[in-house]
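Work through the exercises below with the sequence and the structure at hand. Each task is followed by its solution.

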Amino acid sequence: MSKPILATTSLAGCFGCHMSILDIDERILTLIELVEFNKSPVDDIKTFTKPVDIGIIEGGCCNSENVEVLRSFRKNCKILISLGECAIMGGLPALRNGIPIEECLHEAYIGGPTVQLNTDHILPNDDELPMLLDRVYPCHEIVKIDYFLPGCPPRADLIWDALVALITGDPLKLPYEVVKFD
Amino acid sequence: MSNLIKFKIDGVECMAEAGTYIIEAAKKNGVYIPTLCNMPNLKPKGSCRICTVKINGRLMTSCTTPVADGMEIESTSAEISELRKSIIELLFVSGNHFCPSCEKSGNCELQALGYLYQMMVPRFPFDFPVKGIDASSPKIIKDQNRCILCKRCIKSIKDAEDRSFFAFRGRGNHLEVVLDAELASTMTDAQAEEAMRNCPVGSIIVKEKGFAIPIGKRKFDHNPIGSNVKV
């Protein structure tokens with residue numbers, strides 16, 4: 001049997017969850033024995049080149065590009081995992097939920113105390129830029145997500161154990177210390 | 001000790017004095033029943049419903065129901081655990097609980113119950129309600145985003161004349177626990193610390209004290225909530 005194929009992405013996240021994937025340390029050598037990577041920042045493959053078995057999503061959806069990437073993951077992956085608090089509940093980007101978009105943009109580009117160079121008071125409006133959503137959405141409110149691994153970031157042991165369980169079909173043990181929300 | 005009665009929790013024989021509330025009687029027998037609103041020395045309110053158990057086929061809150069002779073209590077069945085988990089999930093989606101940025105993370109009872117019942121994701125949609133933060137008092141910050149309206153602070157934090165520092169304001173969806181501005185100016189450091197300690201979530205934070213304990217040394221980092229009760 002060929003190796004299971006893995007894809008990963010970071011949407012409205014900080015790449016901390018990807019750092020936690022790297023935090024499996026030398027087990028990463030075993031990981032590349034176990035799986036083949038496809039679209040992922042890990043190998044820098046930008047687009048899906050074949051059907052993928054497991055897609056790992058870091059970050060929630062804060063703009064139209066996030067939604068598009070997430071939908072392409074759902075389309076190309078058999079199993080989707082929400083990795084980390086941002087993917088699961090919006091996380092820190094979702095602190096803006098409840099604040100009108102106009103106020104957020106004004107604070108970031110015009111009125112904020114550290115804004116000094118934008119003397120023409122321009123709000124980014126290029127057609128190439130993804131549109132901000134009205135609020136930040138957890139991934140499972142946009143597409144169906146199969147599994148959730150909480151944490152900020154999820155502990156490396158949790159990611160490792162979950163991946164191994166998924167690949168080998170063995171039951172996943174969840175020791176108390178690996179499931180944390182921070 | 002003549003009025004000791006026998007009862008069972010999940011089939012285990014227990015003994016307690018008649019009239020003791022189930023949650024307390026269970027504790028004395030080494031059985032942990034979770035709660036978010038109940039506190040020793042306070043009149044039980046039965047408001048958070050986390051301590052729900054099944055007696056004689058009926059769901060009852062164990063903080064408001066006294067034990068009776070021969071009572072058979074169901075507390076760890078799949079049905080009860082699922083019910084408690086759903087209440088925790090409801091609390092998580094109905095407020096703004098950003099664990100990664102919360103000062104109470106690791107010492108939070110709501111979070112600890114999320115761990116205990118292995119909440120990976122709430123089954124309900126997130127509400128993201130618009131709530132305020134009151135940092136106007138000298139000692140503490142009252143963050144409404146995290147408040148679960150348990151009333152512990154209202155009932156337990158009082159001044160020398162038995163006046164509560166905290167009170168309910170508003171009704172229904174707008175109900176919130178607010179700090180009396182005038183009384184708050186007289187709050188001592190000890191009262192502020194006690195208010196933060198009694199709050200089951202991170203809604204009451206003592207100013208300039210956040211993140212005092214490092215990750216790995218906090219209350220629920222290694223030991224699940226209730227593990228101190230088990231015999």
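Helices (H or I, at least four residues) and strands (E, at least two) are DSSP runs, numbered from the N terminus. The model is predicted: local features need pLDDT of at least 70, side-chain atom pairs count only at pLDDT 80 or more, and totals for chains, interfaces and linings use all residues. Residues are numbered from 1 along each chain as its sequence is written, and chains are lettered from A in the order in which they are written.

**Exercise 1.** Give the order of helices and strands along chain A.

Solution. Count the elements: chain A has 6 helices and 7 strands. Then read along the sequence, which gives β-α-α-β-β-β-α-β-α-α-β-β-α.

**Exercise 2.** Describe helix α6 of chain A and find its buried residues.

Solution. Start with the length: α6(A) covers residues 156-168, 13 residues in total, and reaches 18 Å from first C-alpha to last. This is close to the 18 Å expected at 1.5 Å a residue, the expected span being 1.5 Å times one less than the number of residues. Next, apply the burial cut-off (20 or more other C-beta atoms within 10 Å of the residue's own, with C-beta atoms placed from the backbone). L158(A), I159(A), W160(A), A162(A) and L163(A) are buried. Their cover includes α1 (16-22), α2 (27-34) and β7 (147-149) of chain A, where contact requires C-beta atoms, placed from the backbone, within 7 Å. Last, look just past the helix: G169(A) has a positive phi of about 85°.

Notes:
Buried ≥ 20, exposed ≤ 12 C-beta atoms within 10 Å, placed from the backbone. Contact = placed C-beta atoms within 7 Å.
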